[in-house]
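Me: Hi, I'd like to talk through the model I've just opened. Could you start with a term we'll need?

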Amino acid sequence: MSTCGACSGTGKVTCSACGGRQHTSRLTASGEVDISPCIVCYGTGRMRCDFCGGRGRIGSEEPAPVRPRGPRERATDVLAGNWYDPQNNYFLIVKQGGAYTLTGHGGLGQTATGTATLSGNLVRLDITDVVVGRYTVELRLSGDTMQGTIRVMGFPMPLVLTRH
Ligand SMILES: [Zn+2]
Ligand SMILES: [Zn+2]
């Protein structure tokens, strides 16, 4: 918003029909000068500023329209991102030159490193964990969820990771 330069912010300009004299004069058929109030400005000598529409200001009154929020912006990669397990530990998978590397994070900070490979919708995580050592997990990828079975000390445990 800025002040209209045409009317100096008053929203009114000098009537162009009467030049601000507030009346018009014309010669009648009998040669007399007929003076009558200006019908354009109703005898005020001023008329609405066309440049600003009489508001005295230029620019939109409306705040900039808010762009409607589309669907959540998708991660650009099917696998890159933060994958959380139900205990809120997560793997951060990063794509680096066609290969995926991962780091595992838990309550104690980074707990694992490894790699991830994707073939079809099957994700294979090769993980070296500071506690349990090296292990491999195969998970089925479906959108922002991957699930499968993890072997912990020889026992199969279901594992579900969701990307946030
Ligand atoms: Zn104006
Ligand atoms: Zn006028």
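Predicted model: local features only at pLDDT ≥ 70, side-chain atom pairs only at ≥ 80, totals over all residues.

Me: Thanks! What does Phe-91 touch, leaving aside neighbours within four places in sequence?

Reply: Phe-91 is in contact with Trp-83, Leu-102, Gly-104 and Leu-161 once those neighbours are set aside. Across a strand pair, Phe-91 stands opposite Gly-104 in β9.

Me: How many helices and strands are there?

Reply: Zero helices and 14 strands. Both are DSSP runs numbered from the N terminus: helices are H or I with at least four residues, strands E with at least two.

Me: And how do β8 and strand β9 pair?

Reply: They are antiparallel, with seven bridges between β8 and β9 (residues 99-106); strands pair if DSSP finds at least two bridges between them. The two form a hairpin with two residues between them, and Gly-97 in the turn has a positive phi of about 55°. β9 and β10 run antiparallel and share seven bridges, where Leu-102 has Gly-114 in β10 as its bridge partner.

Me: Which strand does Thr-111 sit in?

Reply: Thr-111 belongs to β10, residues 109-119. Not counting residues up to four places away in sequence, Thr-111 touches Gly-104, His-105, Gly-106, Asp-129, Val-130 and Val-131.

Me: Why is Thr-111 called partly exposed?

Reply: Because Thr-111 has 18 other C-beta atoms within 10 Å. Buried takes 20 or more other C-beta atoms within 10 Å of a residue's own, exposed 12 or fewer, and partly exposed is in between, with C-beta atoms placed from the backbone.

Me: What share of the protein is buried?

Reply: Buried residues make up 15% of its 164 residues.

Me: On to the largest nonpolar core: which residues touch the most other members?

Reply: Trp-83, Phe-91 and Leu-125, out of 13 residues in that core. β8 (90-96), β10 and β11 (122-129) each supply at least two of the core's residues. Another core, of nine residues, lies apart from it, with Cys-7, Cys-15, Cys-18 and Cys-52 among them. A nonpolar core here is a set of buried Ala, Val, Leu, Ile, Met, Phe, Trp, Tyr and Cys residues joined through C-beta atoms within 7 Å.

Me: How do β11 and β12 pair?

Reply: β11 and β12 are antiparallel over eight bridges, and a hairpin of three residues joins them. Ile-127 stands opposite Tyr-135 in β12.

Me: Is strand β12 buried or in the open?

Reply: It lies largely in the open, because one of the 10 residues of β12 (residues 133-142) is buried.

Me: New topic: what is the phi of Gln-22?

Reply: Near 75°, which is positive in a residue other than glycine. Most residues other than glycine have a negative phi. Gln-22 sits in the loop between β2 (12-14) and β3 (23-27). Asn-88 also has a positive phi, about 70°, without being a glycine.

Me: Where is Asn-88?

Reply: In the loop between β7 (81-84) and β8. Asn-88 counts as exposed because it has 10 C-beta neighbours inside 10 Å.

Note on methods: Residues numbered from 1 in each chain as written. Chains lettered and ligands numbered in written order. Contact = placed C-beta atoms within 7 Å.
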